[in-house]
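Please open the model in a viewer and keep the selection panel at hand.

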Amino acid sequence: MTATPSSAPPTADLLARLADLLGPSGILTETTDTAPYCTDWRSLYHGRAAAVLRPATTAELARAVALCAGAGVAMVPQGGNTSMVGGATPDESGRDIVVCLSRMNRVRQIDPLDHTMDIEAGVTLKAAQDAARAAGLMLPLSISSEGSAQIGGVLATNAGGNNTVRYGNARELVLGLEVVLPDGSVFNGLRRLRKDNTGYALRQLFVGSEGTLGFITSAILQLQPQPRAVEAALCAVADAGAALALFSAFRAQDPALIQAFEYMSGAGMDLVTRLVPGTSLPLAEPAPAYVLVELATPRRDADLRTVLEDVLAAMFESGTVSDAVIAESEGQRLALWKLREEHAEAQRRAGASVKNDVSVPVSRVPELIARASAACTALIPGIRPAPFGHIGDGNIHFNLVQPEGMDPAAFLAQDHRIMDTVAAIVRDLDGSFSAEHGIGRLKPYMMPGWRGGAELATMRRIKDAIDPHGLMNPGALFPPAG
Ligand code: MLT
Ligand code: ZN
């Protein structure tokens with residue numbers, strides 16, 4: 001049985017010892033200072049924290065964790081605070097301590113021969129990408145929140161994103177990991193080996209564990225060669241079926257060229273162009289749906305533009321694509337990506353929304369979108385389905401924006417009804433209720449129904465073995481035991 005969180009509030013003595021250890025820039029205790037760490041990006045959770053710790057080194061963190069563990073105080077790891085599922089927000093009790101590694105923000109080394117990056121947890125994903133690029137390499141992980149999301153959180157949640165179709169999820173990039181365990185001991189697995197067959201691959205246990213097993217403090221990530229050529233196009237299509245026909249056409253040409261293949265509904269695109277300044281549709285007229293395809297290669301001799309134009313010409317011919325624009329400059333490529341990356345922000349501006357980050361076998365995406373749209377519209381007339389996302393991975397963000405004029409709180413009060421309606425269809429299509437955002441505090445209630453029996457029981461046994469007092473990120477991932 002998972003230990004029920006029975007954490008203690010930190011005493012004044014513990015806070016004083018932590019302040020001694022971490023120094024003035026390493027601890028925040030004033031409510032005005034801790035407040036930004038107590039609400040999630042979506043504003044779904046509003047908690048309180050007894051303190052926010054900001055250690056500068058692994059050794060400092062390890063000592064701080066040992067002090068908290070000794071006092072039975074619960075700890076909530078937080079990276080860039082960009083979780084979509086409330087994965088890093090303390091509860092309302094005011095007993096938890098939030099721990100942020102943003103001061104551990106060094107790219108320690110990039111090895112051009114090993115193609116590896118040795119990096120600390122507090123580096124933002126964007127800064128990590130930039131560092132790899134400056135060294136002539138590429139960190140092939142890209143998500144909408146990359147300007148704020150930090151490596152520690154990206155790994156703790158096994159982030160997916162736009163390049164998974166080619167390079168896999170965060171998990172696939174991790175060669176080595178350093179973790180401070182819940183008792184303050186340090187697991188140093190910072191190895192840069194392609195082959196290391198020495199028992200359990202412990203690092204993979206921490207990737208995707210959502211801060212429930214320890215603090216990821218640094219990692220060795222695999223890099224890729226920097227592409228020499230990149231081509232991107234925005235294509236107008238009738239529906240997800242046409243989007244998949246286009247995907248098949250590019251794959252038939254050369255699957256190794258597809259760096260991203262993203263789907264957007266007409267409704268989602270409309271919200272972006274209306275609500276996000278600096279965006280506009282670069283096509284003659286709006287379409288029912290869109291694909292943003294990006295091809296890239298490190299090869300010197302590849303004529304990517306010809307590949308792109310040939311496939312699009314054939315797809316015009318067959319009627320699969322009705323219009324398309326190819327980026328003619330880096331600025332235009334970024335403008336096309338902005339239309340995709342601002343989907344979450346546009347939906348936030350449109351009012352309350354319910355997110356279903358689901359996956360199904362790629363072939364079943366069209367059925368998912370059609371059935372879930374019909375079911376949700378029947379459930380709440382006026383609801384605005386705005387599905388988009390990583391169709392090349394079968395991962396759709398089946399997001400629903402509240403009906404115009406409805407009270408946001410009244411809409412959000414129905415989130416379980418909506419999520420369960422979509423989940424029932426996803427289950428029928430052999431999919432998953434959480435493809436890349438994880439479980440956080442939003443979805444533990446779904447775990448018994450989806451991952452119950454031996455699977456959840458094994459996860460609980462692992463949690464109990466590593467964090468026997470339930471001090472790490474209480475409330476996240478696991479439903480209350482019982
Ligand atoms: C994205 O791919 O932009 C996200 O994961 C955001 C979302 O689900 O809203
Ligand atoms: Zn996504």
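Two strands are said to pair if DSSP finds at least two bridges between them. With that in mind, and noting that this is a predicted model, begin with Ser 353, whose bridge partner in E21 is Val 401. Now extend the selection to strand E21 (residues 400-401) and to E16; these two strands pair in the antiparallel sense over two bridges.

Proceed to the metal site. Which residues coordinate the zinc ion (ligand 2)? Select His 390 (NE2), His 397 (NE2) and Glu 436 (OE), which coordinate the ion at 1.8 to 2.2 Å. Along the chain, these donors follow the spacing H-x6-H-x38-E. His 390 and Glu 436 link distant parts of the chain, being 46 residues apart: His 390 is in strand E19 (residues 388-390), whereas Glu 436 is in the loop between helix H16 (415-428) and helix H17 (447-451). Both His 390 and Glu 436 are buried.

Then turn to the aromatic residues. Select Phe 247, Phe 250 and Phe 261, which ring pairs link into a cluster. With ring centres within 6.5 Å as the criterion, the count comes to four aromatic pairs.

Arg 348 lies over the face of Trp 41, at 4.2 Å from the ring centre. Arg 427 lies over the face of Trp 450, at 4.3 Å from the ring centre.

Notes:
Residues numbered from 1 in each chain as written. Chains lettered and ligands numbered in written order. Predicted model: local features only at pLDDT ≥ 70, side-chain atom pairs only at ≥ 80, totals over all residues. Heavy atoms only, no water. Donors = N, O, S within 2.8 Å, 3.2 Å for Na, K, Ca; no water. Helix = DSSP H or I, 4+ residues; strand = E, 2+ residues; numbered from the N terminus. Buried < 20%, exposed > 50% of the residue type's maximum accessible area, 1.4 Å probe, protein only. Phe/Tyr/Trp six-rings, centres within 6.5 Å; stacked < 30°, edge-to-face > 60°. Lys NZ or Arg CZ within 6 Å of the ring centre and 35° of its normal.
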